[in-house]
Amino acid sequence: MGGLTPSWPTAISPLTIATPSCARCHGLGVVRARSDLRAWHCVLRAVCRTCLAHYYVSQVMMAHAHAVAFERVRGPGGRPIIRVGNRHAEYSADFVLAARRALAGMPVEWRVFHLHFLQGHQWRRCVRIINRVLRLAVPLTEGTFFRAVYRAEVLIGSTILASRPYRLYPPAEYLSF
Ligand SMILES: [Zn+2]
């Protein structure tokens with residue numbers, strides 16, 4: 001699918017993960033931006049949520065022995081060595097790093113990601129903590145909290161689609177490396 005930004009995995013159609021009732025893309029998953037087609041927010045949020053769901057699975061799986069993979073890589077002086085890796089631990093770390101990159105310079109969205117997405121706190125608790133820690137001029141409310149959730153999902157989804165060489169979406173592709 002040439003010309004679709006952020007660059008899109010060829011095996012998946014944005015149509016399949018778009019929100020059918022989306023007022024902006026009407027369920028197509030893309031909008032026209034000058035001469036390009038751009039993956040719309042509903043699709044970017046779906047990418048973020050899919051990766052988040054896989055992050056939760058990875059957190060459980062990383063404890064299991066079968067998650068460990070052996071890889072032959074080049075060590076010091078070019079000598080081949082066997083590297084022991086845990087793909088689930090790597091996925092988890094890469095997901096959090098992608099989010100950190102996506103939300104750099106956005107203290108509210110970063111804390112929303114950390115407290116709500118990673119630690120699973122409900123909005124009330126997140127809002128209380130964020131308002132205490134950040135001392136915002138305009139304190140966060142339920143409405144602005146969920147707008148920050150929306151922004152975080154869009155930005156993380158977009159960053160994930162742009163990441164190289166190992167893309168986190170779709171998770172199966174990442175794990176096949
Ligand atoms: Zn849409």
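This is a predicted model: local features need pLDDT of at least 70, side-chain atom pairs count only at pLDDT 80 or more; totals for chains, interfaces and linings use all residues.
1. Overall architecture. The protein chain holds 7 helices and 5 strands. Along the sequence, the order is β-α-β-β-α-β-β-α-α-α-α-α. The C-alpha atoms occupy a box of roughly 55 × 45 × 30 Å along the principal axes.

2. Burial and contact range. Of the 177 residues in the protein chain, 30% are buried. Take the contacts between residues at least 6 apart in sequence: 55% of them join residues at least 24 apart.

3. The core. The largest nonpolar core contains 38 residues. Within it, the residues with the most contacts are Val 43, Val 47, Cys 51, Ile 156, Ile 160 and Leu 168. Two or more core residues come from each of α2, α3, α4 (107-118), α5 (123-134) and α6 (142-162). The top contributor is α2, with 8 residues.

4. Ile 160 as a worked case. Which residues does Ile 160 touch, leaving out those up to four places away in sequence? They are Val 47, Cys 48, Cys 51, Ala 98, Arg 167, Leu 168 and Tyr 169. Three of these names, Val 47, Cys 51 and Leu 168, also stand among the core residues with the most contacts.

5. Helix α2 against helix α3. Helix α2 spans residues 41-61 and helix α3 spans residues 87-102. They pack at about 140 degrees, with axes 8 Å apart. Angles over 145 degrees would count as roughly antiparallel, so α2 is classed as oblique to α3. The crossing is left-handed.

6. The α2 and α3 contact. From α2 come Cys 51, His 54, Tyr 55, Ser 58, Gln 59 and Met 61. From α3 come His 88, Tyr 91, Ser 92 and Phe 95. By class, this contact has 5 nonpolar, 5 polar and no charged residues.

7. Helix α5 against helix α6. The angle here is about 95 degrees, and the axes lie 10 Å apart. The two helices are therefore roughly perpendicular to each other. On the α5 side, Trp 123, Cys 126 and Val 127 take part. They meet Glu 142, Phe 145 and Phe 146 of α6. How do the residues of this contact divide by class, and how many are charged? There are 5 nonpolar, no polar and 1 charged.

Notes. Residues are numbered from 1 along each chain as its sequence is written. Axes are lines fitted to C-alpha atoms, for helices over the stretch in contact, and angles run from 0 to 180 degrees between N-to-C directions. Helices (H or I, at least four residues) and strands (E, at least two) are DSSP runs, numbered from the N terminus. Angles under 35 degrees count as roughly parallel, over 145 as roughly antiparallel, 65 to 115 as roughly perpendicular and the rest as oblique. A crossing is left-handed if the near helix is turned anticlockwise from the far one by less than a right angle, and right-handed if clockwise. Two residues are in contact if their C-beta atoms, placed from the backbone, lie within 7 Å. Ala, Val, Leu, Ile, Met, Phe, Trp, Tyr, Cys and Pro count as nonpolar, Asp, Glu, Lys and Arg as charged, and the others, Gly among them, as polar. A nonpolar core is a set of buried Ala, Val, Leu, Ile, Met, Phe, Trp, Tyr and Cys residues joined through C-beta atoms within 7 Å. A residue is buried if 20 or more other C-beta atoms lie within 10 Å of its own, exposed if 12 or fewer, and partly exposed in between; C-beta atoms are placed from the backbone.
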